[in-house]
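Please read them with the structure open.

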Amino acid sequence: AMSARSPADIAAARAALALALRESGDAEGAVAEIQAASRASASTEEVKKNLPALEVLAKSLVAWKAVEAKARANPSDLAARWDRALAAAAFGGWRLVLTDADALLAADHDANAPRLLKAHALRQLDRAKEAEALRVAVLPEPPRFLAALGPALHATDMALRANPSDATARARRAANLLAAGQPHLAAEEAARALKDQPNQPVATLIAAQSASQLGRRGDALVLARRAAELNPKSADIWVFLAALQRKRAEYAAAVESSTRAIALDERDADSLRAREAALRTLGRDAEADRDRQALERAAPRR
């Protein structure tokens with residue numbers, strides 16, 4: 001019956017079969033079907049458009065197969081399970097992702113990387129309520145999470161599994177959670193870091209930034225000021241503090257914070273613009289004009 005169908009129909013059927021096989025974990029079968037779909041559609045212009053995506057899918061399946069054997073050989077190898085979960089996510093094998101994410105969470109219920117990955121997989125499978133139960137917000141940039149933030153988060157998970165009292169690793173995990181669009185989880189993690197090490201500057205800044213994103217601007221301001229006291233040589237802290245002060249119409253304080261940031265990085269265009277705006281609000285136009293001139297000098301010539 002299949003032989004009587006058009007090349008486009010055959011290609012579409014084989015591509016659909018490949019998608020089903022990838023969910024079952026049969027990477028070799030899926031790759032074979034993708035290759036067959038490519039041959040069947042060689043003379044079909046409409047289906048040719050999909051071949052690059054099919055080829056990417058095939059490569060992703062091959063990559064998954066390479067790490068699958070290692071994880072299967074040693075189920076207690078958490079690094080291998082994480083690699084296999086990421087490889088499955090690359091080709092959209094979300095049920096396979098769930099299997100490994102659940103195993104990782106069973107081994108370490110405090111781990112955040114598999115928690116976020118599991119929530120993302122559930123949403124891809126239209127199981128949003130289960131994802132919400134994990135208290136994980138929608139990932140704002142899934143490709144970035146899969147390529148960089150997820151692996152970085154997994155590394156801090158492993159560091160904290162080895163040494164739960166490592167406040168520096170916990171602060172890094174809080175920073176990764178915030179970068180992954182999880183201010184609630186970041187705030188909790190930063191608080192835990194500060195409980196172990198009250199003067200941790202990174203955790204203090206992340207706590208401030210998380211509070212700001214959660215709408216707790218008063219707490220954010222107090223924490224940002226504390227972060228500046230702990231690490232006055234961080235331009236990022238002064239930039240953040242200045243932004244909070246502008247939102248509260250504390251323009252004189254914002255000018256001072258922007259000036260501290262500029263002293264650490266005189267070519268910081270954002271701080272120069274922020275200070276110029278605050279100065280004009282205060283009616284200090286001559287100083288604002290100097291910042292405008294500095295910005296024009298720093299702008300690349302075309």
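1. I begin with one side chain. Arg 260 counts as partly exposed because its relative accessibility is 37%, which falls between the 20% limit for buried and the 50% limit for exposed. Arg 260 belongs to helix 15. Beyond its neighbours within four places in sequence, Arg 260 is in contact with Pro 232 and Trp 238. The C-alpha atom of Arg 260 is separated by 8.5 Å from that of Val 239, a residue 21 places away along the chain.

2. Some overall values. The model is predicted. The protein chain holds 17 helices and zero strands. Of its 302 residues, 45% are buried. Among contacts between residues at least 6 apart in sequence, 50% join residues at least 24 apart.

3. Next, the pairing of helix 13 and helix 14. The axes of helix 13 (residues 217-230) and helix 14 come within 9 Å and cross at roughly 150°. The crossing is left-handed. On the helix 13 side, the contact is made by Arg 217, Ala 220, Leu 221, Ala 224, Arg 225, Ala 227 and Ala 228. These meet Ile 237, Trp 238, Phe 240, Leu 241, Leu 244, Gln 245 and Lys 247 of helix 14. By type, the residues of this contact are ten nonpolar, one polar and three charged.

4. Which residues have the most contacts inside the largest nonpolar core? They are Val 97, Leu 116, Leu 117 and Phe 145, in a core of 41 residues. At least two residues of this core come from each of helix 4 (51-73), helix 5, helix 6 (94-107), helix 7, helix 9, helix 10, helix 11 and helix 12 (201-213). Helix 5 supplies the largest share, seven residues. Apart from this core lies another, of 14 residues, which includes Ala 211, Ala 224, Trp 238 and Ala 261. As a general point, nonpolar side chains in soluble globular proteins tend to be buried together.

5. Helix 9 deserves a separate look. Helix 9 (residues 142-162) has a kink of about 45° at Leu 149, shortly before the proline Pro 151. The buried residues of helix 9 are Phe 145, Leu 149, Gly 150, Leu 153, His 154, Thr 156, Asp 157 and Leu 160. Their cover includes helix 5 (78-90), helix 7 (113-124), helix 10 (167-179) and helix 11 (183-196).

6. What does Phe 145 touch, leaving aside its neighbours within four places in sequence? Its contacts are Ala 113, Leu 116, Leu 117, Leu 139, Gly 150, Pro 151, Leu 153 and Ala 180. Leu 116 and Leu 117 are, with Phe 145, among the residues with the most contacts inside the largest nonpolar core.

7. Asp 126, which is not a glycine, has a positive phi, near 60°. Asp 126 sits in the loop between helix 7 and helix 8 (128-133). Its relative accessibility is 72%, so Asp 126 counts as exposed. Ala 249 also has a positive phi, of about 60°, without being a glycine. The loop between helix 14 (235-247) and helix 15 (251-264) contains Ala 249. At 46% relative accessibility, Ala 249 counts as partly exposed, because exposed requires over 50%.

Conventions
Residues are numbered from 1 along each chain as its sequence is written. This is a predicted model: local features need pLDDT of at least 70, side-chain atom pairs count only at pLDDT 80 or more; totals for chains, interfaces and linings use all residues. Side-chain values use heavy atoms; hydrogens and water are left out. The bend at a residue is the angle between axes fitted to the seven residues ending there and the seven starting there. Helices (H or I, at least four residues) and strands (E, at least two) are DSSP runs, numbered from the N terminus. Buried means under 20% relative accessible area, exposed over 50%, partly exposed in between (1.4 Å probe, protein chains only). Contact means heavy atoms within 4.5 Å. A nonpolar core is a set of buried Ala, Val, Leu, Ile, Met, Phe, Trp, Tyr and Cys residues joined through side-chain atoms within 4.5 Å. Axes are lines fitted to C-alpha atoms, for helices over the stretch in contact, and angles run from 0 to 180 degrees between N-to-C directions. A crossing is left-handed if the near helix is turned anticlockwise from the far one by less than a right angle, and right-handed if clockwise. Ala, Val, Leu, Ile, Met, Phe, Trp, Tyr, Cys and Pro count as nonpolar, Asp, Glu, Lys and Arg as charged, and the others, Gly among them, as polar.
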